[in-house]
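Subject: Structure handover and notes

Dear colleague,

I am passing on the structure below, together with notes on what was found in it. Please read them with the model open beside you.

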Amino acid sequence: MKIFVSGKGGAGKSTVSALLAKEMARRGKEVLVVDNDESNFGLHTHLGVELPKDFMDFFGGRDDLFDNTDELENGLRLDDVPEKYVSQIDNLKLLAIGKIDEYGEGCACPMNVLSGKFLRNLSLSEDEVLIVDMDAGVEHFGRKVEEGADVILVVVDPTRESIKLSEKIKSFAEQIEVGLFFVLNKVDEESEKIMFESVDGDKIIGSIPEKEEILYSGLKGESLDFRIKSVEKISDFLLDFWENLR
């Protein structure tokens, strides 16, 4: 199953991606997390691994990328990815498409080209799960990166901007006929009630409350090694959805 985690900046995509990845790994799944956000440098700390070398470098980096990715069209499996581009702890792996590291180096277009081809052509076995932490906003939809998705998971925080963006992402998912679900994040009782009235309630599969342990672990750069009941339920739902879809 390929799960693409989307939403606005600051909604908690990386946090939800990490919590979901660790929960899936606890259940014996082989999990690959793909860091698709060129400007976020915190996902690896949530997972408790080092930030791996940019996968973009395997194809010659920014300058040669467009000439060297045709081989991806032939398909590949997780084991085909060279070890030096992956950080791993037990049965959980992290791959980073690429980061903006230098002033004036250019836009993120090459990263989106690579991620689109890679994610679309990656083949998974029965016990493998791919979780993609997407960059903020909707530019990647414009570049058709989501063509490789089985599920689009939209993280919605208690802001009007996040709710409006969720509506736009829902319309995109309907166009490409991909399963779409919402996770409400950083909610309390009142904000959760308002959000259920503002977001398609039939698509909401979980609510993650605002928790001090998430806040302080993230602030300290610590691994999110605790379990959260709502994340367990989200995992149950996604695995059942995938089983029924197959």
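Two strands are said to pair if DSSP finds at least two bridges between them, and the helices (H or I, at least four residues) and strands (E, at least two) are DSSP runs numbered from the N terminus. This is a predicted model, in which local features need pLDDT of at least 70 and side-chain atom pairs count only at pLDDT 80 or more, while totals for chains, interfaces and linings use all residues. Residues are numbered from 1 along each chain as its sequence is written, and side-chain values use heavy atoms, with hydrogens and water left out.

I begin with the strands. β8 and β9 pair in the parallel sense over six bridges, and within that pairing Val-154 has Phe-182 in β9 as its bridge partner. Together with α6, these two strands make a right-handed β-α-β unit, where right-handed says that, with the strands pointing away from the viewer, the path from the first strand over the helix to the second runs clockwise. β8 also pairs in the parallel sense with β1 (residues 2–6), over four bridges, and Phe-4 has Ile-152 as its bridge partner there.

β1 pairs in the parallel sense with β7 as well, again over four bridges, with Lys-2 standing opposite Leu-130. β7 in turn is joined by six bridges to β2, the two running parallel, and Val-31 has Val-129 as its bridge partner in β7.

The next topic is the nonpolar cores, each being a set of buried Ala, Val, Leu, Ile, Met, Phe, Trp, Tyr and Cys residues joined through side-chain atoms within 4.5 Å. The largest has 39 residues, and those with the most contacts inside it are Val-34, Phe-55, Leu-95 and Phe-118. The elements that give two or more residues to this core include β2 (30–35), α4 (109–121) and β7 (128–133). A second, separate core of 35 residues includes Leu-19, Leu-20, Val-151 and Ile-208. Not counting residues up to four places away in sequence, Phe-118 touches Leu-32, Val-34, Phe-55, Leu-72, Leu-76, Val-81, Leu-95 and Ile-97, a contact being heavy atoms within 4.5 Å.

Finally, the spaces. On a 1 Å grid over the protein atoms alone, a cavity is a set of points where a 1.4 Å probe fits but cannot get out, and a pocket is an open set with protein on both sides within 12 Å along at least five of seven lines, lining residues having an atom within 4 Å of a point. The largest cavity holds about 30 Å³ of space and is lined by Val-16, Leu-20, Leu-153, Ile-208, Val-231 and Ile-234. The largest pocket has a volume of about 400 Å³, where a volume is the space filled by probe spheres set on the points, and grid points are joined across faces, edges and corners. Its lining has 20 residues, of which Gly-10, Gly-12, Thr-15, Lys-186 and Ile-214 lie nearest the centre of the pocket, and α8 gives the most to this lining, with four residues.

With best wishes

Notes
Buried < 20%, exposed > 50% of the residue type's maximum accessible area, 1.4 Å probe, protein only.
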